[in-house]
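Take a moment to look at the sequence and the 3D structure below. Then follow the text from strand to strand and from chain to chain.

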Number of protein chains: 2
Amino acid sequence: MNIEIIAVGTELLGSRFADTNSVWLTERLEDLGLQPIRRTIVGDQGPGLETSLRLALSSGGLVLVGGGLGPTGDDKTREATAAALNRGLVFREDVMAAIEERFRRFGWPLTEPNRRQAWVVEGAEVLANPLGTAPGQWLEAEGRTIILLPGPPHELKGMFQAQVLPRLARLGRRHLARRLIRTTGLGESAVEARIEGLYPDDPDRILTVLASPGRVDLRIAASSSVSPERAGALADELTSRLKARLGSAVYAESEIELGEVVIGLLRRDGTTLSVAESCTGGLVSHRLTDVPGSSLVFLGGYVAYADAAKVRDLGIAPSLLESRGAVSQEVVEAMASGARLRTGSDWALALSGIAGPGGGTPEKPVGLVHIALAGPAGLIAERHVFSGRREAVKFQAGQRALDLLRRRLSGLD
Amino acid sequence: MNIEIIAVGTELLGSRFADTNSVWLTERLEDLGLQPIRRTIVGDQGPGLETSLRLALSSGGLVLVGGGLGPTGDDKTREATAAALNRGLVFREDVMAAIEERFRRFGWPLTEPNRRQAWVVEGAEVLANPLGTAPGQWLEAEGRTIILLPGPPHELKGMFQAQVLPRLARLGRRHLARRLIRTTGLGESAVEARIEGLYPDDPDRILTVLASPGRVDLRIAASSSVSPERAGALADELTSRLKARLGSAVYAESEIELGEVVIGLLRRDGTTLSVAESCTGGLVSHRLTDVPGSSLVFLGGYVAYADAAKVRDLGIAPSLLESRGAVSQEVVEAMASGARLRTGSDWALALSGIAGPGGGTPEKPVGLVHIALAGPAGLIAERHVFSGRREAVKFQAGQRALDLLRRRLSGLD
């Protein structure tokens, strides 16, 4: 079933007010295994709502509209919906009576504009609004359903929970299963090349690839009208095939960061880690210590930003810094060995590079990062050139260093 | 002129990812005195994008489309736009050459999917993408304009600022001026109390207060149909009155972070800094080294997470750790003094606390952080209890430490 959400309100088209109602409605739909195919924000004035409603009706299914049911002249959702359905508006005495009762109860003076709220689209089923004056409306037209909800969030939520959700849950419930594959070390196009031919062509499964510097996520959504187990099996089947193609680039199957994976592996093994950072400036230590319980395995970090710090804290020979430069394989290996020796950790990661924007040369360009891992069996070193701004270079370098350790601890490569 | 914004991405239809690009584009339009009449989010798959494009074209004007230009098979913006315009796609050798050049420069292997990004809609003017591989496209059709922009926010923003904004600027009608006041050290309600009575009641000025842990931003927008100078004067008048109320809590009037302010003050003075971190785990060093040029004044950092690291690297007496505990004023003062002595820096910041979720006691609860600053004239220490999750405690503690140094370097308090 195609579901669309339309938020009505000129203020939502500006940058200051977020359309929180639509996000909340999306979450409730997700709870039912449903996802909208489109979300739209339109203003109160102009033809935007009517044209959006006509488009939504043309793709069938269910349309949830929030807002524009107030008493003032700029609230046009009733009129636009009637126009989109080629219907009229009717005055409902029972709705008016409820409005009058509410005003009497609070001792408010009833004004002429409030009478506007007693008009409903021809054929509408009225949804009571215990928290406000604007009633909701449930409309059926040639197999499509339009539900009009008031804009104030607590009114919209109350009405949806009490009167809409129970009926949607019955109305063609599909079961949804989601999976996540989180990879690092491959760019978006490399991931794409590996998974070629695995994009699902059945309508029940969706694969989305989401790339950010240092990470590519694959999200799998499968749905079934039969059972949750059937949806799960569809999702698992695709997930397995994707994982087989992606191999050791997969580092997680849930919303966790690489730091958490590494801390988990260290805790599993009962081994410890220290970190010596130059260009990443503390980011790797920060990411590791974001993980609760990291203090059990993370012995400490050195942000050896200046050459003097590399000499003093990590025991790098000044002659080595002189001859090779701080950004070199030799120095980063010595940094890793120095941190391991000094802290007594089982493993030590070290990074040195040029985060930019300044400091690059033709031989050592901005983005160049040397990474080393010292461990019980010796040293591994890598050289990378990362693209992007300073923050992106730092993040990708940190991600790669953590991945180097993950692979080692997992016995990969 | 009718302006529409369409964000493309199935992930944006779920509840987990906010469509930040469209909000940013809206702000840029507002700077020109323009506002979109509709904002739409559609998925990568299905007919949603094509039908939304057709609707936008039918209402005329300008359509900004963000996303769906990646190399993968689920990126369909090129195809959908061509279909909506009843045009074909053409392979552009010059675009392919630029992509190849980019891959060569970074030493990445070019894969078959990357060739997809060299296809553009017939008649498109190509917008170069210096920050990524997907070029943008500028399309004109019977008086309407469609602009395709890449989805990654830094690519979209860079391309829009450099290549789209100058051409749209001539369309603006109202002059808009924005100001930003960035504060730290006061909670949202303390800020509200200070600025009481200053919320503008004229329709030409808007004040928005945006709070996050460790920071409260005040955004001022003023508009005028007369001149940019008039809008600027309106904005400045309100900004001055707000700043007078907020006093030393104001640390910036642009989109910069506290780390950049501190690095700027140190560079102004020609003085240097080192950092010793326990509970923040490298975050303070990381934030300082996010600032280009920080290597001139930041001598290095110690992530002294374990007690052994505090003894070894910062010279803390084991007896002090034993008698007072690692989270104490005495130990954090010794950490700051130790870092200053060891690195020879003019200033040294130290932090020790309990980030949680575990490790709290009735006397030393989760969120307790001791902060010390060592400088030429001696030591200052503070004790705070921050609320929130582990990441929020780390951030607020780091923010407070940087602000302690900012105030000292600025001669405040």
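In which sense do E15(A) and strand E16 of chain A pair? They pair in the antiparallel sense, over six bridges. Strand E15 covers residues 347–353, and strand E16 covers residues 368–375. Two strands count as paired if DSSP finds at least two bridges between them. Helices (H or I, at least four residues) and strands (E, at least two) are DSSP runs, numbered from the N terminus.

A word on the source: this is a predicted model, in which local features need pLDDT of at least 70 and side-chain atom pairs count only at pLDDT 80 or more, while totals for chains, interfaces and linings use all residues. Residues are numbered from 1 along each chain as its sequence is written, chains are lettered from A and ligands numbered from 1 in the order in which they are written, and side-chain values use heavy atoms, with hydrogens and water left out.

Stay with E15(A). A:Glu277 of chain A stands opposite A:Leu351 in E15(A).

Is E15(A) mostly covered or mostly open? It is mostly covered: seven of its seven residues are buried. Buried means under 20% relative accessible area, exposed means over 50%, and partly exposed lies in between (1.4 Å probe, protein chains only). A:Trp347, A:Leu349, A:Leu351 and A:Gly353 point one way from the strand. A:Ala348, A:Ala350 and A:Ser352 point the other way.

Now move to A:Thr280. It lies in the loop between E13 and helix H9 (283–289) of chain A. A:Thr280 is buried, because its relative accessible area is 0%. Its side chain joins that of A:Glu277 in a polar contact of 2.7 Å. A polar contact is a pair of N or O atoms within 3.5 Å; within protein, one must be able to donate a hydrogen and the other to accept it, and residues adjacent in sequence count only if both atoms are side-chain atoms. Leaving aside neighbours within four places in sequence, A:Thr280 is in contact (heavy atoms within 4.5 Å) with residues of both chains, including A:Leu351, B:His286 and B:Thr289.

For contrast, turn to B:Gly359. It sits in the loop between strand E15 (347–353) and strand E16 (368–375) of chain B. B:Gly359 is exposed, because its relative accessible area is 58%. Not counting residues up to four places away in sequence, it touches B:Ile354 and B:Lys364.

Next comes the interface. How many residues does each chain bring to the contact? Chain A gives 69 residues and chain B gives 71 residues. Together they bury about 5600 Å², of which carbon and sulfur atoms give 53%. Buried area is the accessible area (1.4 Å probe) that two parts lose on being put together, summed over both.

The two chains share 43 residue pairs in polar contact (both at pLDDT 80 or more). Strand E14 (residues 298–303) of chain A gives the largest share of the side that touches chain B, six residues. E14(A) runs antiparallel to strand E14 (residues 298–303) of chain B, and three bridges join them. In E14(B), B:Gly301 is the bridge partner of A:Val303.

Charges meet here too. The rule finds four salt bridges across the interface. A salt bridge is a side-chain nitrogen of Lys or Arg within 4 Å of a carboxyl oxygen of Asp or Glu. One of them joins B:Lys394 and A:Asp290 (2.9 Å, N to O).
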